[in-house]
Amino acid sequence: MIKRTTRSSITLCILAAFTLAACSSTPSDPPAVSAPNPAPGAAPPPAFTPPYPFGVVQQKASPATDGSVPVIKRVPTDKPYVFITMDDGATKDPDALDLIKESGGHPVLFLNQKYVKGHEAYFKAILDSTGAVLGDHTVDHPDLRGKPYEFQRKEICDDADDLQRGLGQRPTLFRPPYGIYDPTTLKAAAACGMRAAVLWTAAVNDGVVQFQVGDKLRPGDVVLMHFRKTFKEDYTAFVEQAKKDGLTPVPLADFLG
């Protein structure tokens with residue numbers, strides 16, 4: 001009985017050993033591999049790439065005729081370009097510089113001296129860091145239509161002189177306040193060294209893009225917005241609308257050079 005029990009025990013041990021060997025030979029699941037972490041200091045996503053070298057003149061506005069600057073509402077172009085302009089300067093949004101810089105918008109800032117005075121550093125930072133261009137919008141933002149020549153000339157010329165002293169640039173593009181002007185305005189602007197009076201074909205108010213024609217932005221449109229409390233909403237609405245309509249914001253000055 002003892003011998004049989006011993007043989008049975010030995011047999012059971014041998015079978016167990018084979019079973020363990022078979023289990024150990026089964027390949028185990030490969031270890032989970034986590035997604036690679038970006039290396040410290042890795043390059044950020046590619047920045048905005050301009051469609052041409054900004055600062056190089058692409059088109060020119062018509063020259064002054066009979067001592068009057070031309071009026072520009074829209075740029076004649078078949079390129080998918082759109083232009084953003086910002087008026088007044090009343091509200092100094094602290095995020096404006098970063099928003100403009102990140103989007104590559106290159107706006108024209110049509111500023112009034114009464115809003116710039118005492119805040120030169122704010123506007124100079126935008127001009128120096130974003131490729132924005134300075135525009136003339138008069139000293140006090142009056143309705144110029146019907147005013148005497150000397151009154152209009154002083155409003156336009158004094159604004160240009162003050163902006164040059166405070167911001168280091170002399171504007172050559174002019175926007176009449178409220179978009180209202182008369183023949184005297186165009187002559188006074190020319191006398192102050194302006195190359196064109198710039199109006200607009202679309203505007204952004206309270207985060208909504210408003211079109212003068214149709215329901216989308218078109219190539220060559222000039223868009224108006226303001227330095228208001230809704231600056232962030234307005235600028236974001238412009239950028240998103242331009243993208244939706246397949247347009248790239250480029251410097252207006254390059255097409256009026």
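The legends below describe several close-up views of one predicted model.

The model is predicted, and local features need pLDDT of at least 70, side-chain atom pairs count only at pLDDT 80 or more, and totals for chains, interfaces and linings use all residues. Residues are numbered from 1 along each chain as its sequence is written, and side-chain values use heavy atoms, with hydrogens and water left out.

**Figure 1. The chain as a whole contains 7 helices and 10 strands.**
Helices (H or I, at least four residues) and strands (E, at least two) are DSSP runs, numbered from the N terminus. Of the 257 residues, 40% count as buried; buried means under 20% relative accessible area, exposed over 50%, and partly exposed in between, with a 1.4 Å probe and protein chains only. A contact is defined by heavy atoms within 4.5 Å. Among contacts between residues at least 6 apart in sequence, 74% join residues at least 24 apart.

**Figure 2. The largest nonpolar core has 29 residues.**
A nonpolar core is a set of buried Ala, Val, Leu, Ile, Met, Phe, Trp, Tyr and Cys residues joined through side-chain atoms within 4.5 Å. In soluble globular proteins, nonpolar side chains tend to be buried together. Met86, Leu111, Leu217, Phe227 and Phe238 touch the most other members of this core. Two or more residues come from each of β2 (81–88), α2 (96–103), β3 (108–111), α4 (120–130), α5 (149–167), β7 (202–205), β9 (222–226) and α7 (231–244). Helix α7 gives the most, with 5 residues. A second, separate core of 20 residues includes Ala61, Phe110, Leu224 and Val250.

**Figure 3. Phe227 is shown with its contacts from other parts of the chain.**
When neighbours within four places in sequence are left aside, Phe227 is in contact with Met86, Asp87, Gly89, Ala90, Thr91, Leu109, Leu111, Tyr122, Phe123 and Ile126. Two of these partners, Met86 and Leu111, are also among the residues that touch the most other members of the largest core.

**Figure 4. Helix α2 packs against helix α4.**
The two helices pack at an angle of about 10°, with their axes 10 Å apart. Axes are lines fitted to C-alpha atoms, for helices over the stretch in contact, and angles run from 0 to 180 degrees between N-to-C directions. The angle makes α2 roughly parallel to α4, a term for angles under 35 degrees; those over 145 count as roughly antiparallel, 65 to 115 as roughly perpendicular and the rest as oblique. The contact is made by Ala96, Leu97, Ile100 and Lys101 of α2 and by Tyr122, Ala125, Ile126, Ser129 and Thr130 of α4.

**Figure 5. Helix α2 also packs against helix α7.**
Their axes come within 10 Å and cross at roughly 10°, so α2 is roughly parallel to α7. Here Ala96, Leu99, Ile100 and Ser103 of α2 meet Phe231, Lys232, Tyr235 and Val239 of α7.

**Figure 6. Ala96 lies in helix α2.**
Ala96 counts as buried because its relative accessibility is 0%. Apart from neighbours within four places in sequence, Ala96 is in contact with Tyr122, Ile126 and Phe231. Ala96 and Tyr122 are 26 residues apart in sequence, with their C-alpha atoms 9.7 Å apart in space.

**Figure 7. The structure holds 1 disulfide, which joins Cys157 to Cys192.**
A disulfide is a covalent bond between the sulfur atoms of two cysteines; here it is assigned to a pair of cysteine sulfur atoms within 2.5 Å. The S to S distance is 1.9 Å. Cys157 lies in helix α5 and Cys192 in the loop between α6 (183–191) and β6 (196–198), so the pair ties together parts that are 35 residues apart in sequence. The torsion about the S-S bond is about -100°, so the disulfide is left-handed. Cys157 is buried at 8% relative accessible area, and Cys192 is buried at 4%.

**Figure 8. Gly220 sits in the loop between β8 (208–211) and β9.**
Gly220 is buried, with a relative accessible area of 0%. Leaving aside neighbours within four places in sequence, Gly220 is in contact with Arg74, Val75, Thr77, Tyr81 and Phe83. Gly220 and Pro80 are 140 residues apart in sequence, yet 7.6 Å apart in space, C-alpha to C-alpha.
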